[in-house]
2 protein chains.
Amino acid sequence: MKRGTGRSGSSAAPNGVDVARLAGVSQKTVSRVFNEEPYVSAEVRRRVLEAAEQLGYRRNNAARALASGRTRSIGVITLGTALYGPASLLMGVERVVRDTGYALRVVNTMEGDPAGLAGAVDSLLDQGVDGIVISEPIDEPGGGEAGPLRVDVPVLVIGAPPPPLSSPAVLSAGGGADLMARAATEHLLGLGHVTVHHLAGPQRWFAARDRLEGWRTTLVSRGRNVPPVVEGDWSAASGYAAGRALAQDPEVTAVFAANDDMAIGLVRALTEAGRHVPGDVSVVGFDDIPVAAYVTPPLTTVRQPFDAVAHEGLKRLVHAIENPDADPLPASAPPVDLVVRASTAPPPPAVTGRSGR
Amino acid sequence: MKRGTGRSGSSAAPNGVDVARLAGVSQKTVSRVFNEEPYVSAEVRRRVLEAAEQLGYRRNNAARALASGRTRSIGVITLGTALYGPASLLMGVERVVRDTGYALRVVNTMEGDPAGLAGAVDSLLDQGVDGIVISEPIDEPGGGEAGPLRVDVPVLVIGAPPPPLSSPAVLSAGGGADLMARAATEHLLGLGHVTVHHLAGPQRWFAARDRLEGWRTTLVSRGRNVPPVVEGDWSAASGYAAGRALAQDPEVTAVFAANDDMAIGLVRALTEAGRHVPGDVSVVGFDDIPVAAYVTPPLTTVRQPFDAVAHEGLKRLVHAIENPDADPLPASAPPVDLVVRASTAPPPPAVTGRSGR
DNA sequence: CTGAAAGCGCTAACAA
DNA sequence: TTGTTAGCGCTTTCAG
């Protein structure tokens, strides 16, 4: 092939040898300068930097990765939806990853993806990432029949307990949805509702199950009746469908929806059926999407601290990557933030009087 | 260093030489098998595959990139918001990139990012991508004072005309917002409104300017009065603020908002001010976000074909990457899709000053 | 403080 | 159909 190591011809991108020659030093010294290693005289550093600048030199990352065995990149696996929650999380992750000096690679697992999580992990491992973030994994159709996933880099799972996998470090972040669901439910109970209905998310999602659990345990611990759960698919359309059914039942005076989109569809169905929100029925959402404060009526909801979760989790992941032998950093729980607006109120008088069974 | 090329010791990841030895062939043959090159006998292929399987072999991407000069990855630069439009676009891009066999690297440029677009491009170039997608770039504070960006890979710009940059190929996709804005405006005019007000997006965004332009030219070409523009920041909150002002003006009977979030805030403000939508004022949004059909009243809006745009644009970008010398593929315009729901109606009979019905 | 030499694991010609 | 020989551009090790 003989392209001539360190040609001074101009066509291809310049390399360390070119810079070294121009600066009158060895290639190793160029490497030292760019890695900010100690023991380089100010004078030499200046010459190297100047030569690099002049040539438009830029370190070749593939070569760096090959020689060092590290790619300085982190892969994230998301569900590939533009839903507010997952999208916010991804943006948060990107920011932190970049701030930490890593590059970000993204792979989606669409629901129904044949390869699923294992395929996504594999593709990231092929690319050679130093760590993996799995954002809101969901249960898979043929779930884990292939045994635990073997991963040789640290993994951070956000919004769910870790799936079965063997890895040098498995961390998780973003728990606490059950506590948030509890706050929502208690808010409604505190308003005087006899019980609270729940419009759940798809139960394949851990996030959906977690919220349901928080709701259920709250009712149980208060000795309230636990009404049957209605399950939606996160969409406003499914919330609307659920709302049409719920509207028929006069016992329904309070509903906790597992996300804001469904809550909005629900409110619409109730309103169309002549059930006033919050006069007849109170509704609480989840996420605090940007329009939540501006729909009619403004939605009471639970705000999720996406950025904080991403930041907290990534910090621990990077620590695990860079200190393979150290103990993992401890996790910290995100705060609960119930935003009370106008979609919740005490139950209507007629119903208040009756005692819950 | 002498780690022993092709050691049979088990610790590190196996390489091509290990596989070759086990299969009793040369390393090059292993390479041939994995690249699906022709001229490998079925028997040899089988042996190699078996050996690889047994060893858990996985090609080293860094080495491949170094040797071939291609990373098989595409970088995308987004604004780092969870706004429905940008997020949907990103998901669409991810899917197509993956389907095409490339890996995806993501870098955000937050508004106000000091490094800005140039910094993002630079970071991607450092990582060594084969192509770059710039999604919805916005004007930058100190815009382009550093001269045209020098990029040595093909670039696809979505939702805006290409910024000044020198690159082997500069493509653009996702135009046509002006046509969509025109459709929205004409729908309102067709309903009988004398003119249409516009609640614009931040004018630093090309997407916002494009929609404004489509609206303005429609009015002008119809000989209608062009009312002053109100500018929001895409948020429902800004739509609400604009709505409070607009509600004071009895001349306002129709408003075209540059996105659905602002439209929702706008509707809320109008309603609170006693101006009924669509009885007194008609409102059209833009994007068709998932909740648009379920807010009160269901929003008439323009649906954006994010997936189609991503698919169409990426196809051309990949073509440009893989056929550096061929002519670029021609662009095709996305379809215009106005979704008429219940937030638009003919203007009220008496346009001067009364409210309600 | 600086440099020389030896790879990292793969692909690219060129033989055989 | 298969193998040989060079690198790709950097980091690592070990000497000065």
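This is a predicted model: local features need pLDDT of at least 70, side-chain atom pairs count only at pLDDT 80 or more; totals for chains, interfaces and linings use all residues.
Colleague: Why is Arg316(A) called buried?

Modeller: Its relative accessibility is 4%. Buried means under 20%, so Arg316(A) counts as buried. The residue sits in helix H11 (residues 306–322) of chain A. Among the residues it touches are Leu171(A), Ser172(A), Leu329(A) and Pro330(A).

Colleague: What makes the pair of Phe34(A) and Tyr57(A) edge-to-face?

Modeller: The structure holds 10 aromatic pairs over all chains. In the pair of Phe34(A) and Tyr57(A), the centres are 5.1 Å apart and the planes are at 75°. Centres within 6.5 Å make a pair, and planes over 60 degrees apart make it edge-to-face. Phe34(A) belongs to helix H2 of chain A, and Tyr57(A) to the loop between helix H3 (42–55) and H4, 23 residues apart.

Colleague: Is Phe34(A) buried or partly exposed, and how do you know?

Modeller: Partly exposed, at 25% relative accessibility. That value falls between the 20% and 50% cut-offs. Tyr57(A) has 17%, under the 20% limit, so Tyr57(A) is buried.

Colleague: Why is the pair of Phe256(A) and Phe286(A) called tilted?

Modeller: Their planes are at 55°, with ring centres 6.1 Å apart. Stacked needs under 30 degrees and edge-to-face over 60, so this pair is tilted. Phe256(A) lies in strand S10 (residues 254–257), and Phe286(A) in the loop between strands S11 and S12, so the pair ties together parts 30 residues apart in sequence. Phe256(A) is buried, with a relative accessible area of 0%. Phe286(A) is buried too, with 0%.

Colleague: How do you know that the span of helix H7 of chain B agrees with its length in residues?

Modeller: Helix H7 (residues 177–190) has 14 residues. At 1.5 Å a residue, it should span 20 Å. Its end C-alpha atoms are 20 Å apart, so the two agree. Buried residues in H7(B) include Ala177(B), Met180(B), His187(B) and Leu189(B). What covers the buried residues includes helix H8 (206–221) and strand S10 (254–257) of chain B. Just after H7(B), Gly192(B) takes a positive phi of about 110°.

Colleague: What makes the approach of Asn35(A) to DNA strand D a polar contact?

Modeller: A polar side-chain atom of Asn35(A) lies 3.3 Å from a phosphate oxygen of DNA strand D. The cut-off is 3.5 Å, so the pair qualifies. A backbone N or O atom of Ala67(B) lies 3.3 Å from a base oxygen.

Technical notes. Residues are numbered from 1 along each chain as its sequence is written. Chains are lettered from A and ligands numbered from 1 in the order in which they are written. Side-chain values use heavy atoms; hydrogens and water are left out. A polar contact is a pair of N or O atoms within 3.5 Å; within protein, one must be able to donate a hydrogen and the other to accept it, and residues adjacent in sequence count only if both atoms are side-chain atoms. Helices (H or I, at least four residues) and strands (E, at least two) are DSSP runs, numbered from the N terminus. The expected span of a helix is 1.5 Å times one less than its number of residues. Buried means under 20% relative accessible area, exposed over 50%, partly exposed in between (1.4 Å probe, protein chains only). Contact means heavy atoms within 4.5 Å. Rings of Phe, Tyr and Trp (its six-membered ring) pair if their centres lie within 6.5 Å; planes under 30 degrees apart count as stacked, over 60 as edge-to-face and the rest as tilted. Lists of a residue's contacts leave out its neighbours within four places in sequence.
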